[in-house]
Amino acid sequence: MKQFAIWEVDGQEYKLKLTTSTICQLEEKFKTNLLNLVDGMPALATMLTVTHAAMKDWNHGIKYADVQNLFDKYCEAGGSQTDFMADVFIEIYNVSGFFSQALADSMTEKIAEAKEQI
């Protein structure tokens, strides 16, 4: 299992992983279990909030506005919200212990198949 999800934007790699305390803070903020956020396509603000939470412990001084700017650069380089969900957001969940390795592998495979159809 990978230790971190990596989001590469503009030649820079950002480590992403949620700690237990961060998961608890997010659950309090969203008033729900974080698994409920991956039922369908979450709002962009929700995905960026979780991404910021996953970045802040590993990328010193990163602010939410920085994450929004990174997402703009990501899209300018050819990324999309769907790509972001599949390649970054779900990977945060994978490395943060939400899914067993078998389930993570299965989800990664299904996401790859879905991206081919888009």
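In which loop is K31 found? I looked there to start: K31 sits in the loop between α1 (20-30) and α2 (44-56). Helices are DSSP runs of H or I with at least four residues, strands are runs of E with at least two, and both are numbered from the N terminus.

Notes on the source. I am working from a predicted model, in which local features need pLDDT of at least 70, side-chain atom pairs count only at pLDDT 80 or more, and totals for chains, interfaces and linings use all residues. Residues are numbered from 1 along each chain as its sequence is written, and side-chain values use heavy atoms, with hydrogens and water left out.

Entry: backbone. I read a phi near 60° for K31, a positive value in a residue other than glycine. K31 counts as exposed, at 70% relative accessibility; exposed means over 50% relative accessible area, buried under 20%, and partly exposed in between (1.4 Å probe, protein chains only). D10 also has a positive phi, near 55°, and is not glycine. I place D10 in the loop between β1 and β2.

Entry: salt bridges. I took a side-chain nitrogen of Lys or Arg within 4 Å of a carboxyl oxygen of Asp or Glu as the criterion. The count by this rule is two. For D10 and K73, the closest N and O atoms are 3.9 Å apart. D10 is exposed at 66% relative accessible area, while K73 is partly exposed at 41%.

I then checked E91 and K2, whose side chains form a salt bridge at 3.0 Å, N to O. E91 is in helix α4 (residues 81-95) and K2 in the segment before β1 (5-9), so the pair links distant parts of the chain, 89 residues apart. E91 is buried, with a relative accessible area of 12%.

Entry: core. I defined a nonpolar core as a set of buried Ala, Val, Leu, Ile, Met, Phe, Trp, Tyr and Cys residues joined through side-chain atoms within 4.5 Å. The largest one has 31 residues, of which W7, L18 and F84 touch the most other members. At least two residues of this core come from each of β1, β2, α1, α2, α3 and α4. α4 supplies the largest share, eight residues.

I listed contacts of W7 (heavy atoms within 4.5 Å). Beyond its neighbours within four places in sequence, W7 is in contact with residues including Y14, L16, M55, L70, F84 and V88.
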